[in-house]
Each structure stands twice: as C-alpha cells, then as structure tokens.
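Hi,

Here is the structure I promised to pass on to you. Have a look at it first, and then read my notes below.

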Amino acid sequence: STVYTSNGIIPDNTPPVIDFLHIGTYGDESEELTPQENAVEIGNSGRIPVQWAASDSESGIVSFMAAVGTSLEATDVSEYTEHPSDINVGIPVQLQLFEDIGKYFYVTARAMNGAGLLSEPLISSKIKVLRANVAGVVTVGHSGVGINGKFQAEDDTITLKFDGFSSELCGLLYYEWAVGTNFAGDQIQEFSTAGVVMGEDGSGVSQTLIPLDLGVMVHTQVRAITACSSGIGQSTIDSFGEAILVDWTNPYLVLTDLGQQTNGATFKNPQSGDKIYQYDPSTLVARWNATDPQSGIHNVRYYVGTPPYTADVQLAKLTSKTSIASNDVLPEATGRPNILHLSVFNRAGVETFLIAP
C-alpha cells in the first residue's frame with residue numbers, strides 16, 4: 001500500500017481586515033483631500049489608482065474585490081471585480097468628468113484570505129474626476145527652414161515651438177527641454193529650462209546654439225513639470241518633436257542634354273561658353289541629373305529668358321522630373337538666345353543654381 005502525508009489543514013474561520021484604502025497615492029503618502037469638498041481628485045485616465053493593504057494572520061491575503069459607484073457601497077458604475085493583492089493597483093474603469101455630471105465616485109473594497117473569506121467592506125474617500133493631463137504638440141524648426149519640418153540646413157541651432165500642454169488635475173509649474181540623437185535621448189543637450197521663452201497664451205519657444213554634425217538625426221523632447229508628485233519626484237507631461245535630419249550641403253546638379261540637332265539627337269553635356277543652335281522652333285529640350293545623398297531632392301525649378309536671369313520666354317515652373325516635358329517650353333525663335341535657368345532644392349531647403357549655356 002502507499003501512504004500519503006500532508007501538512008494538515010489549518011482552520012481559518014475569521015475574515016481578513018483591510019488596514020487602509022487610499023486613492024491616488026504612492027508609497028507612504030497620505031491622501032490629499034480638497035479642503036472644501038473633502039474629496040480626492042484624479043484624472044480621467046481610464047483607471048483609478050488605488051493603494052490598499054489587508055491582514056490575516058492565519059491564511060494570508062490572496063486578492064481584493066473592488067466595486068465602483070456614485071454613492072456609498074454602490075456598484076452602479078462597476079460591479080465587484082477581483083484584483084491582485086499588490087499594494088498598488090489600477091482599477092480599469094472609465095469615469096465621467098465632474099464638470100459633466102456633477103457627481104463623485106466611491107471605491108468599495110473587500111479583501112479575500114486564503115480560506116475564501118471576505119472582509120467587511122471599506123469605502124474610499126469620495127473621488128472627483130478632472131481632465132487628465134494633456135501632452136502638447138512640439139514643432140521643430142522655424143518658418144522658412146527645411147521642407148515639411150523633417151530636415152534643416154542650420155548646423156548650429158535647434159529651434160522648436162510647443163503648445164497645448166494642460167493639467168487641470170495638477171497645474172503646470174515650468175517647462176524643460178532636451179535634445180538627443182535618438183528618441184527620448186539627451187546626448188546633445190540634457191533637460192534644461194535654458195532657452196525656454198513662454199508666451200502669454202501658454203505656448204512656448206525654445207532655442208539653443210550648439211554644433212550639429214552633417215547627417216545627424218536630431219530628436220527633441222519637451223517636459224512640463226506639474227505640481228503633483230509621482231512617488232519619485234514631481235510628475236511630468238512629456239511630448240516629443242518629429243526627428244529632423246541636419247543637411248547643409250548643396251545638392252548635385254548637372255545639365256546632361258540641351259537643345260536638339262537636325263537628326264533629333266541632343267547636345268550632350270553642354271559646358272559654359274558653348275553655343276548651341278537648334279533648327280526646330282517648336283520646343284526646348286533639356287535634361288539634367290540632380291541628387292542629394294543626405295536629405296534627397298525635393299523639387300526642381302526652371303525658367304527661360306532671353307537675357308540672363310529673366311523669364312520672358314517661360315515663367316518659373318516646379319517639377320519633380322529630370323527633364324522639360326515635350327512642348328512645355330516654346331522657344332523664342334527670332335534669333336535671340338533662349339537661356340535656361342535651373343534650381344534644385346534638397347529637402348533641407350538648400351539650393352543649387354545653374355544657368356545653361
């Protein structure tokens with residue numbers, strides 16, 4: 001026969017006791033109640049931050065049960081759900097703003113011991129729900145620099161604008177910003193208030209003079225410091241600017257074909273000083289090669305004039321192609337020169353200009 005032994009059954013017929021139930025606290029902090037309403041204020045983040053503890057000397061605490069309602073011990077918002085015995089827990093529930101419904105909320109908690117017994121319910125302080133913290137928008141660069149904000153030509157300046165930070169729950173104290181070479185990094189500039197200028201409408205501008213390497217990706221971050229504590233210091237609201245590439249080099253531009261010979265072939269690689277004659281008066285033929293290894297080509301602008309730097313034959317046109325479309329330019333056919341002007345722009349806004357022979 002086989003004999004089995006066990007550690008025996010430990011009787012436990014006494015329910016556990018909840019030692020405390022706090023809303024929105026960390027560590028040894030105590031609840032901060034509003035002086036007039038005697039309520040705890042939290043943001044509408046979709047979770048209620050709860051700190052609780054219970055005791056049971058026989059079988060220990062295995063979990064907590066929690067319900068949420070708009071009155072004492074009510075469950076009209078959320079029925080009882082089970083949560084781990086951790087001291088800090090977030091109860092997932094979406095609560096309406098106090099400004100919308102004018103109601104407070106209450107958490108009712110019960111602890112469960114190893115024998116499955118529940119404690120007497122303990123009700124939290126009343127909870128007032130405010131708007132959660134809002135991260136602002138960070139825009140890198142300033143007007144006239146770069147194309148669509150992803151590139152810049154300056155090699156010694158970082159400029160950004162920020163707007164839209166708000167904290168009804170905590171209030172904002174001040175702003176810091178950092179610059180790095182990777183997301184959320186601060187290798188170029190650690191978090192600092194230096195260079196931050198605030199506007200009357202709550203928006204701000206930050207600028208720093210610092211050397212930037214060609215081809216480096218610059219990442220920026222703005223941090224609003226609030227009046228609330230996070231348990232390890234003041235809580236913050238962080239927002240990130242779009243990464244930008246530094247490129248101050250001129251794009252490469254060379255004219256490869258110009259004009260049309262009587263046999264239909266073009267004149268290859270025309271050089272300054274060349275005199276090119278064309279028999280066909282119906283169109284101007286031109287092709288070019290434009291590249292930029294850093295930020296890439298944004299577009300090409302061309303125009304045609306009889307004297308240099310004029311556009312009396314063809315007004316300026318933008319194109320993403322590498323040639324003038326057939327019949328796009330009607331040349332001046334009275335024996336006067338048709339002078340092609342080309343400008344290529346990279347995505348950092350740097351231009352290379354060329355006048356054809």
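A salt bridge here means a side-chain nitrogen of Lys or Arg within 4 Å of a carboxyl oxygen of Asp or Glu. Please keep in mind that this is a predicted model, where local features need pLDDT of at least 70, side-chain atom pairs count only at pLDDT 80 or more, and totals for chains, interfaces and linings use all residues. Residues are numbered from 1 along each chain as its sequence is written, and side-chain values use heavy atoms, with hydrogens and water left out.

The structure holds six salt bridges. One of them joins Lys-128 and Glu-37, whose closest N and O atoms are 3.1 Å apart. This pair links distant parts of the chain, 91 residues apart: Lys-128 sits in strand S9, and Glu-37 in the loop between strands S1 and S2. (Strands are DSSP runs of E, at least two residues, and helices are runs of H or I, at least four, numbered from the N terminus.) Lys-128 is buried, at 13% relative accessible area; buried means under 20%, exposed over 50%, and partly exposed in between, with a 1.4 Å probe and protein chains only.

Another salt bridge pairs Arg-131 with Glu-99, at 2.6 Å between the closest N and O atoms. Arg-131 lies in the loop between S9 and S10 and Glu-99 in helix H1, so the pair ties together parts 32 residues apart in sequence. Arg-131 is partly exposed at 41%, and Glu-99 is partly exposed at 47%.

Lys-268 and Asp-257 also meet in a salt bridge, 2.6 Å from N to O. Here Lys-268 is exposed at 58%, whereas Asp-257 is buried at 5%.

Enjoy exploring!
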